[in-house]
Amino acid sequence: MSAFLANFIIRHAKLILIVFVLAGALAAWSAQQFKIDASADTLLIKNNKMFVETQVVNERFSPQEFILVAYKPKNHALFSQQTFNDIQQISSEFKALPRVGGVTNILNVPLLSLSNELDPNLKPEQLTWQANQYSAAKMQQVFTDHPLFTDLLVNQDQTATAMQIVFKPNKELLDIQSQIIAIQKGILQGENTELSEEDEQKIEALKAKAQPIEEQLKLTRQQEIKKIYQIIEPFKDDADLFLGGAYVLGQQMIDIIQSDLLLFGSAIGLAICLILFVLFRKIRWVVLPLLCCGLSVLLTVGLFGVLDFRATVISSNFIALQLILTLAVVVHLIVEFRQLEATDTESNQQDLLRETFINKFKPCLYAGITTSVGFASLLFSGIQPVVSFGWMMIVAMGVSISASLILFPAVLASFTRKGDSHEGRLSRWLVSGLSAFSLKRPTFIVLTTLVIGGGAIFGVLKLDVENSFLNYFKESTQVRTELEFIDKEFGGSTPLDLIYTIPKDERRDDLVMSARTVQTLQKIQHVMRQYEATGNITSVVNFTELAKKVNQGKPLTEYELTVIYKLLDDSLTEQLLGAYFNPENQQLRISTRIQDSTPDFNRAEFLQTLRDDLDMLEIAPESYSLTNLFVLYQDILQRLFTSQIMTLGLVFGALTLVLLVIFRSFKVAIIAVIPNILTTLVILGVMGWLAIPLDLMTITISAIAMGIAVDDTIHFVHRYLEELNKESNDSQQAVQNTFKSVGFALIYTTTIIAVGFSLLSFSDFVPSILFGLLTCLAMLLAFITDTTLLPVLLKKFVKPKHALADS
Amino acid sequence: MRSHYFIKMPLVGAVLGAALFLSACSSHSPEQSDNQNQGSNKTESELVINSSHGSQTLEPTVVSYPAGSSVQGVSLSENAAFEDPLEFINRPIFAFNDKLFEYVLIPAAKGYTKVVPDPVRNSVGNFFSNIREPLNALNQLFQGDVGDSGKSVGRFLINSTVGILGFFDPATSWFEIDEKVSTINDTLVNYDVGYGSYLVLPILGQSDLRNGFSTITESVFHPIQYATENPETLYIQAYGGFHAFSPEAPTYEQLRSETDDPYIFFRNLYMQSMLRDQQYPELQNGAAVEPANVADDASASPQE
C-alpha cells in the first residue's frame, strides 16, 4: 500500500505539485472567509441556562455599553477650572462620534444632593455644573462620599475623574437578539433543557441575520477606540488619560494578539529557518519544511473558511500547534531520507524517496491518528468552543499529515541526488550519550520517573482555575497600567449582577416596593461592599441613600419612596432606575464590577462566600440569581477544568486503545502511553507548583502536551519494533539502532520547536508567554521521557520475537 | 395660616420628606408617651447583618411603620406602629375632602397657577411665611430655643419693613437668616405630648389629634387675627391655604388616581412620615446640617 502510494507520488510528482499550487490558491481565497473571533463572548456556552438567564436579565434591565476614560491631572487640582474646561472639551468631542449616545461626566450629572428637598417637579438638568458653574470647592464637596458617583465618576482619593462614554445600542441587532432570547427562554421554564430542532433552526437563521451587523459593529468599535485615543492625545501634557472598562479590555486583547501574531509569528519562523539551516546545512532542508508548514496551515485555514470554523480564544493556538506537528513529520522524513542517503550510496533520488516514504508512512500516519484521537476526546467535553477546537485539530492533523507525506517526495522527486549528508557532531554525541544512559541506568531512570511523577501529582492537586483578563497583560506594559488604574480606582472590570426577585409576601399593591425589600437589598449590598474584590456597586439602594442624604440624614418611609417614584417624570425614573428595577417582573438588580487586580483572588471561593453570606442573611436561594460575565466565565472555567482535567483519563484510555490497534500488543500499548501520561502530568504539576492558574488561555495545555508527546512516542516505538524484528537484533541493539535513526529526528524537532517557542517569552501578553514556555517545556519533557523511560521500558518488557522463540 | 400645611400634608408630605412642621420641631427624643410605637421603632431603627464579616448594624435608608389593621387583609398587628381608631369618622371626611378636591379645589388651583405669574405667587408665599414669623418665634421660645426665636423676630422685622410687608424675603437673600417654621405641634412634641390618633380634618386633610389641636389653636392666635377683622381674616387664611395647595393639586390628582384605596394610602403616607420624624429627630444646631433650611424650603417650596 505504502509502496504503491510512493510510486504514484514520485511518478506524478509534477502533477501533484500543480494540484497543490491550485489547492493552495483556492485555499488562499477561501481563507479570507476564515474568522478569528477572539472576543470572550465566543466562549460563552450557548443554550446554557446561565447564559440565557444573563441574556434575559440584560434585556430586562438593558445596561448600556460604555467605555470609561479616566482623567488624572498632573500638576493641577482635580477640582479646578482647567479640569472642568478639559473635561468639557474632551466630552464634547466624544459626543460628536456617531454611535455615542451621551457622555456622562462630573459636569453634566444632576447633583441631586445639592437640592435640599425631594421635589417631584425636579428638573435634573438644572442641577448640573453646566447649568450653574458651581465653584471648584462646591464640586469637591458634592463628590466627597457621594452615594452614586464615588468610584464611578470620581475616585475615592479624588485624584482622577472619569468620563463615561455611553453608546447607543443598535436597534436592529437588539431586535434580533430579543427574538433569539424569546426562543431561548424556553429552556429556563419547564423540564426540557433542550431546544427543539425547529427552534435551533430559527435561532441559527436569526444569528445569520445578526452576523453582518455584528461584524460591522466590531469594526466600528475598533475605529471608535482609535478615535478616542486621538481625541485625548492633545490633553496628555497636563493629565494622564486612561481608557478602561470590559470592552476596551477586550479590544486591547485582540490588538495585542494580532500584533503578537505578526511579530512573534515571523520571529519564530525565522528562528526555525535558522535552526533548520544550522542542523541540516542545506537550503532545501529549510525550504521544504517551511513549504510543508506554510501550505498545511494555508490549506487548513482555507478549509476552515469553507467549513465556517471560527478560531476562538481557546483554539487560537491551532496554528502554532499545527506548525509543531507538521514540522515533526517533516523532520522525521528528512532525517530518514538523509540516513538512507548516507548508508545507501547506490540508489538514485527516486529510490531513496520511495524507501523513505515506505519507512515513514506508517509511523507518521499512526502519529497523526493518535494525536487526532487525543484531540477527538475534546469532542466529548460538551463545551462548544472546546468541541470546535477538537474538530479543528482533527482537520488540521489530517491536512498536515497528508500534505507533508505527499509534498515531501513530490518536491524532492524533481531534484537529483546531492549526497553527502551526515548528522552534526553535537547531536551524534547527544544521541549516543542518551542511548548509553538509558541502557546503563534503567533503575535510576525508573526511580526518578516515579519521584517526578509523584511530585507532579501533588502539583496537579494544587492546580487552580482563575481567570483574570487584566493579568493577561504583562505588568510593565502601558495597557496594564491603564486598565489597572480604572480597575482599582473606578470600580472594577468584570461585571457581576445579583438579581433579587421580590418574594410574593413582600410585594405590596400600594407601594412601589416595601421598606423590607429595600432593607434586604441594603443588607446584601452592605455585605457585598465589604468584599475586597468588589468594585463599584449600584442598585436602588444608592438612590435611597442619596434621598436620605438630601432628606437631612433621615430615612424615607416606604410611602414617601412610592410617592417620589410615582411623581418623578417617567423618563427620569427610567434613566435613574431602569437599570436597577423592573416593576413588571418585580425584580431588582444589584450591579457590581469585580476588580480583576485584586491580589490572590480566588473567584470560586468568592462566589461561594457570597452565596453563604446570602444564606446567612436568610435570603432564599430561589429568590436571587447571580448573572453576567463574571459568573459565566467562572462557570465555563469550571466546566473546562472538569472536562479537560477530569476527562484526561478518558483521553488516555482512548489513546491506549488506538495504540493497541496500531501495535497489536497490550504490553506495547501500555508502555507507549506512559510517557504521554507523564508529560501531561508533569506539565500540569509544574503549573500547580508554580501557581500558574489554568485560565481560558492555558486550559488547553494538557491536550497540547499530549499531542506533542504522542508524536515522539509513536516514532520511537515504531522504529524499535521494526529493529526488533530484524533477525540479528536483541533488545539492546534495537534500542541503539532506534536512537541512531529516530533519535536525531527527536532531537531536531525538540530543538527547533523549543527554541522557536521560547521566543514567545518576550511577548507582552502573558498567555502567549505561558503558552510558549509551557509548549517548550512539553517538548523537552516529551523528548526526555521518550529517550529515557521509554527505551528502558521497551527493553525490559518488549523482547524480540525470535529471541522468545529461541528460549 | 397654618392651615395650608394641612392641605399640603397629604400631597407633599412625603415628597418634601422631613420638610414639614413635625420635622421642623426641635424635639430631641422620640415620643416617650407613645408606647405602642416604641417596640416597632426599636426594631426598625437598625438593621442587623450577620455575614462572613461578622455581625454588623446599619441604619436603614427606607423605613416602614405598619398600620395595626391592614385593609389588604394582611395582619401586621404583632409589630403595628399605629392604630386608626377614628377610621369610622375619618373615612367619610376623607371621602368628602376627596370630592371637594376633585370638583372644586383642584380645578381652581390649576386655574390659579396658570393665571397668576410665578413672581407674584412667590411674593404671596413670602407674605404668608412672614406673617407667621411671630408664631414661629413664640413656639421656639417655648421650646427653649432662644436663638432661633430671635432669628424669627429678626426676620419678621426685616421682611416686614425692608421686604415691604413681607412680600419679599431680604432676610434670606441679603442677611442670610433662613426661615425656620415652628408650630404648636412642634412645641407639644418637644414636651413629649403624644400624637393621639390619626385624624382627617374637613378640607384641611390628614392630621392627628395633636397636630389638629395645633392647627386650630394657631389659626385662633394667628397674627393675621390682630391685623384684620373677620370675615377678612377668614378669607385671607383660606386664601393662604389655597395658595399653598395650588401647586400640589396635580400631584394629589396623580397619586389619587394610581391608588386603589386612597384613604389608606394617604393615611399611611402621613402616619409613616410623622412617626419617622419622631424617631429620627432633626439634628439640632448641627454644624454641617442646618435644620432651618428644611423648614425654610418646606414652606417656600410651593411657591417655587
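Analyst: pLDDT is the predictor's confidence in each residue, on a scale from 0 to 100. That scale is needed here because the model is predicted. For chain B the mean pLDDT is 73, and 74% of the residues reach 70 or more. For the model as a whole, the scores are ipTM 0.77 and pTM 0.78.

One residue of chain B has a backbone angle to note. B:Leu165 is not a glycine, but its phi is positive, at about 60°. B:Leu165 sits in the loop between α7 (146–161) and α8 (170–173) of chain B. With 13 other C-beta atoms within 10 Å, B:Leu165 is partly exposed.

A:Asp600, which is not a glycine either, has a positive phi of about 50°. The loop that holds A:Asp600 runs between β11 (587–594) and α21 (603–616) of chain A. A:Asp600 has 7 other C-beta atoms within 10 Å and is therefore exposed, since 12 or fewer is the cut-off for that class.

Other elements of chain A are covered. In strand β4 (residues 161–167) of chain A, six of the seven residues are buried, so the strand is largely enclosed by the rest of the structure. Strand β2 (residues 66–73) of chain A runs antiparallel to β4(A), joined by six bridges; within that pairing, A:Val69 has A:Met163 as its bridge partner. Strand β3 (residues 100–104) of chain A also pairs with β4(A) in the antiparallel sense, over four bridges, and A:Thr104 stands opposite A:Gln164.

Helix α11 (residues 318–343) of chain A is mostly covered too, with 21 of its 26 residues buried. From first C-alpha to last, α11(A) reaches 38 Å, close to the 38 Å expected at 1.5 Å a residue.

Finally, chain A is divided into three parts: domain 1 (1–32 + 250–470 + 635–804), domain 2 (47–249) and domain 3 (494–594 + 597–627). The centres of domain 1 and domain 3 of chain A, taken over C-alpha atoms, are separated by 54 Å.

Technical notes:
Residues are numbered from 1 along each chain as its sequence is written. Chains are lettered from A and ligands numbered from 1 in the order in which they are written. This is a predicted model: local features need pLDDT of at least 70, side-chain atom pairs count only at pLDDT 80 or more; totals for chains, interfaces and linings use all residues. Domain bounds come from an automatic or database domain assignment. A residue is buried if 20 or more other C-beta atoms lie within 10 Å of its own, exposed if 12 or fewer, and partly exposed in between; C-beta atoms are placed from the backbone. Helices (H or I, at least four residues) and strands (E, at least two) are DSSP runs, numbered from the N terminus. Two strands pair if DSSP finds at least two bridges between them. The expected span of a helix is 1.5 Å times one less than its number of residues.
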